[in-house]
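Work through the exercises below with the sequence and the 3D structure side by side. Try each task before you read its solution.

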Amino acid sequence: MPHLALRSQRVVTPEGVRAATILVQNGQIASLLPFDAEVGDAPLVDVGTHAILPGVIDPHVHINEPGRTDWEGFDTATRAALVGGLTTLVDMPLNSAPVTTSVANLEIKRAAAQGQLHTNVGFWGGIVPGNAAEVEGLIAAGVIGFKAFLTHSGIDDFPNATEADLREVMPILARHQLPLLVHCELSVEDDSWKQNDHRSYTNYLASRPKSWEDEAIALMIRLCEEFRCPVHIVHLSSANSIAPIAAAKAKGLPLTVETGQHYLYFNAEDIADGQTQFKCAPPIRAKANNDQLWAALQAGIIDFVATDHSPAPPDLKQLASGDFTTAWGGIASLQFALPVLWTAARQRGASLPDLARWLSENPAKLIGQSHKKGRIAAGYDADLIVVDTEKSFVLQPEMILHKHKVSPYICQELWGVVEQTFLAGKQVVEHAAITHLNQGNILTR
């Protein structure tokens, strides 16, 4: 018999929003029934008009453990995620020490995760100069795909890959049909901007021009066409690249793209000097640019939205000095992925099915889980969230569960309160309180 029935006037399915009863059995959605269907002896949870959505999947998170656990860590990251309605994360291969560029290092990371996974977590492997011989082993060990930087990553033990490095690994990834995720900036060595006002956001923005991104994306489109290796552009910020991306997709290239919540929510014009909590790379650009990102997302040219949660201790963010030249670049936002995007999306007429597509269904495709995660449909994992979409809150530091109470979203009014989170059909969060820990699993491809 089903062990749970979830009922709502607004169940968000791939076909639209409907009144329905979700029957859950053995951790999966057994069936979607009419709203007033009999459910036998299954415990019934009726959430009224609150929306039920698939759990959020964030495939771009820097958890930083082991080695930099003072920055974040599996326990704090997955607690924050769970309360925010995120049920699956994929951890980036850098900012931890060691970096995930070998099978041995992957095993160290998996061992560090034991006993502190409150959501499902998978791992990306890393592509760096000289590690092509590790790729087949990492694939066999179950990584979800691979990540490379085309510019300095900020971490010396994860150097950027060259075109020659990519040419060596892309045939392997094409054979296995695993995605290559790429941080697209082809940078020019020029530190002259650091001679200008250290606290000026405009100065920082000018130091990472759109042309860096556009040239890198053009390179990746060429390589994608040559090798037919799935390529995924992470955190797109330059609207100049939307047209080439659309053209590549129209040709049938296996190219996908994400942008970040911060590029859709904030604009450069609103960032005051010294506000280093906004520093990220590529940078948050001007409103006219970001309006074009929104249009591309709504048109399906950009596939989904991911946080790129990249936290650091407050001293590394230079919050006291406001020095953009030395501050760590990264936005801390994991817990608020859904309300940040919903707050901005509802102002642009986006729907709950749009939200589910951008936060769940399309990320599931990238990570090879589209057959069982990211949708409310029979046979899918019962990773579900209950959201009061009509309720807002003002983000206060004490609400933040990731390790450091640092985020550019502090004091913002955000819409969409996650009331409950279910992982494999088990309630793990109720009213911002975690009810069951350690319910997550390690995902492999």
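A residue is buried when its relative accessible area is under 20%, exposed when it is over 50%, and partly exposed in between (1.4 Å probe, protein chains only). This is a predicted model: local features need pLDDT of at least 70, side-chain atom pairs count only at pLDDT 80 or more, and totals for chains, interfaces and linings use all residues. Residues are numbered from 1 along each chain as its sequence is written, and side-chain values use heavy atoms, with hydrogens and water left out.

**Exercise 1. The aromatic pairs**

Task: Find how Trp294 and Trp358 are placed, buried or exposed, and classify aromatic pairs by their geometry.

Solution. 
- Step 1: Apply the rule. Rings of Phe, Tyr and Trp (its six-membered ring) pair if their centres lie within 6.5 Å. Planes under 30 degrees apart count as stacked, over 60 as edge-to-face and the rest as tilted.
- Step 2: Count. The rule gives 13 aromatic pairs.
- Step 3: Take Phe149 and Phe158. Their ring centres are 6.0 Å apart and their planes stand at 75 degrees, so this pair is edge-to-face. Both Phe149 and Phe158 are buried.
- Step 4: Take Trp294 and Trp358. This aromatic pair is also edge-to-face, with 6.0 Å centre to centre and 65 degrees between the planes.
- Step 5: Locate the two. Trp294 sits in helix α9 (residues 287–299) and Trp358 in helix α11 (residues 352–366), so the pair links distant parts of the chain, 64 residues apart. Helices here are DSSP runs (H or I, at least four residues) and strands likewise (E, at least two), numbered from the N terminus.
- Step 6: Check burial. Trp294 and Trp358 are both buried.
- Step 7: Look for a cluster. Ring pairs link Trp193, Tyr201, Tyr204 and Phe324.

**Exercise 2. The parallel sheet**

Task: Work out the strand order of the open sheet, then follow the partners of β13.

Solution. 
- Step 1: Know the rule. Two strands pair if DSSP finds at least two bridges between them.
- Step 2: Read the order. Six strands form the open sheet β9-β10-β11-β12-β13-β14, with parallel pairing.
- Step 3: Find the edges. β9 (125–126) and β14 each have a single partner strand, so one side of each lacks a neighbour in the sheet.
- Step 4: Start at β11 (residues 180–183). Three bridges join it to β12 in parallel. Leu180 faces Val231 in β12.
- Step 5: Move on. β12 (residues 231–233) runs parallel to β13, and three bridges join them. His232 is opposite Thr256 in β13.
- Step 6: Finish at β14 (residues 304–305). β13 and β14 pair in parallel over two bridges. Thr259 has Val305 as its bridge partner.
- Step 7: Judge β13 (residues 255–259). Four of its five residues are buried, so the strand is largely enclosed by the rest of the structure.
- Step 8: Name the crossover. β12, helix α7 (residues 242–250) and β13 make a right-handed β-α-β unit. Right-handed means that, with the strands pointing away from the viewer, the path from the first strand over the helix to the second runs clockwise.
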